[in-house]
Amino acid sequence: MSRRTRLDRRTVLAGAGATAALAAVGFAPEALAEQGLKLGQAQDFTFDLLKARAKRMAGEPYQAPANPSPDVLQRIDYDAHGKIRFKPEAALWANGPSPWPVTFFHLGRYFQKPVRVHVAESGKAREILYDESYFSMPADSPAHALPAEAGFAGLRFQESRSGHPGRNGEALDWKRNDWVAFLGASYFRAIGELYQYGLSARGLAIDPAVSGKEEEFPDFTHIWLETPQPGAEYVTLYALLSGPSVAGAYRFRMHRGKGVVMEIETALHLRKDIARLGIAPLTSMFWYSETAKPAAIDWRPEVHDSDGLALWTGAGERAWRPLNNPRHTTASAFVDRNPRGFGLMQRDREVGHYLDGVSYERRPSLWVETQGDWGRGSVQLIEIPTDDEIHDNIVAMWVPEAQAKAGNAYDFRYKLHWLADEPFPSTLGRVVATRLGNGGKPGMVRPQGVRKFMVEFLGPMLESIPFGVKPEVVVSTSRGLFSYVFAEAVPNDMPGHWRAQFDLTVDGSDPVELRCYLKAGETVLTETWMYQYLPF
């Protein structure tokens, strides 16, 4: 190292008094010496204390997180940041008791706000103090110029040392594999069951796509990691959320099984009025799919982390809304009361539909399972134009119906399921494709201003349709007229694969909201396809 390690006066590493203090909260001095982690003084910590702190903060003026040496961080660009690696031997719980050691992200140009990370046990917590000795970096790295205790950009949980099987059944090396990461503002993500990162979740969304207002991104300024008991099947993380309009306390209980399940509890207090308060927000990327791909925009057939929004309403309806890359930012609201769940899904798993090495076919789906009384509100979908895959342009969230006013307090509980598919599948036929074309009948002159839609459904409920019987197509639209409406089995394919076909005649360029499902008599056979058509 080109810069010697400096110890803060709060660091407790030696002496009889220090040894007794560490033993009292379960941190063995020999473990600290082996790992080289430096800790601050012990302080009382419980979730109730954290919630009380958030409530108190909401009544005080907002203080932005300190930004250590902005000029230095600006010089830690993408290339310089990529050369800074956390040393596995310095990982928290590298030698137990948790099967999931924790490593840390370094600050840089794109992650300039530090998060203060603490380790907690038996009602006491100590901050893990930043030191450059935790990281390997080139001698000429600008990171050497950062002050002591600059803080971390975030953290990640490494894959189980106990040999959690990888995608091909091989045992994973925890030093090279992680399964959950918290990095930037209140963003976090998990790999799911297909061993691939994709979309992200956030602690809170504040005023996304609100005309005349800039979106606010509150930060997880402090994180506490609860020391698990030996053999524990989950890890617990607490976070303090702070922004100009809000203060909040979060508890995450995270399970690593087939995929990743996070049990989340929140306590929020508003400092200011908020026009659009997004609870359990999900953030993803959708550039284009087979439904509507501009000519020669890219060589790949499809590019997206998610291809649709799935809904399970409080009344029990299942619905699917394919995503769009619109010409202008759009916000769609699906009004409900106590929804059972919603999520951004990646349903298309065909490798040949992507044809590149970044594994879009393995991106996780993310489902929000609501718990308790969420009241009246709407699942809202924000779609933002993008011309590249590097931009997240999709947000899905729950927005309470009542106005979010300064002084309001909210408590929400929910689970996040990071899986390949929905955690609570239905026997209803599900949408597997949405296709558009020119309207009219093959072999005849195609009428102007008419668009044809083909919606494909597949599922167990459709397999029972007797030969020669066709289900009824139920369609509705916010404007325009339907014609040439019928259903047919997809030729030369498996049983239970049907498609609904219809033409839509519509004037103007305003968006059109469409709905379609199949039924037999009074029996609903499929989920509801919902689509926002953007006329040319």
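A residue is called buried when its relative accessible area is under 20%, exposed when that area is over 50%, and partly exposed in between, with a 1.4 Å probe and protein chains only. By this rule Glu422 is buried, since its relative accessible area is 10%.

The model is predicted, so local features need pLDDT of at least 70 and side-chain atom pairs count only at pLDDT 80 or more, while totals for chains, interfaces and linings use all residues. Residues are numbered from 1 along each chain as its sequence is written, and side-chain values use heavy atoms, with hydrogens and water left out.

**The chain as a whole**

The protein chain holds 6 helices and 35 strands, where helices (H or I, at least four residues) and strands (E, at least two) are DSSP runs numbered from the N terminus. Its C-alpha atoms fill a box of roughly 90 × 50 × 40 Å along the principal axes. The radius of gyration, taken over C-alpha atoms, is compared with a globule rule of 2.2 Å times the number of residues to the power 0.38; for 536 residues a compact globule would have a value near 24 Å, and the 26 Å of the protein chain agrees with this.

Of the 536 residues in the protein chain, 53% are buried. The chain exposes about 23,700 Å², of which carbon and sulfur atoms supply 51%; such areas come from the Shrake-Rupley method with a 1.4 Å probe, and for residues only the protein chains shown count as cover. If contact means heavy atoms within 4.5 Å, then among contacts between residues at least 6 apart in sequence, 70% join residues at least 24 apart.

Strand 31 pairs with strand 32 (residues 497–505) in the antiparallel sense over 7 bridges, and Asp503 in strand 32 is the bridge partner of Ser483.

**Charged pairs**

Side chains of opposite charge can pair when their charged atoms come close. A salt bridge here is a side-chain nitrogen of Lys or Arg within 4 Å of a carboxyl oxygen of Asp or Glu, and a search of the whole structure finds 27 salt bridges. The table gives three of them.

| Pair | N to O distance |
|---|---|
| Lys51 and Asp48 | 3.7 Å |
| Lys213 and Asp207 | 2.8 Å |
| Arg347 and Glu422 | 3.2 Å |

Lys51 and Asp48 both lie in helix 3 (residues 47–58), 3 residues apart, about one turn of the helix. Lys51 counts as partly exposed because its relative accessibility is 25%, whereas Asp48, at 56%, counts as exposed.

Arg347 and Glu422 form a salt bridge that links distant parts of the chain: Arg347 lies in the loop between strand 23 (341–345) and strand 24 (365–371), and Glu422 in the loop between strand 27 (409–419) and strand 28, 75 residues apart. Arg347 counts as buried at 17% relative accessibility. Both residues also belong to a network of salt bridges that links Arg318, Arg347, Asp421, Glu422, Arg430 and Glu527.

Methods. Two strands pair if DSSP finds at least two bridges between them.
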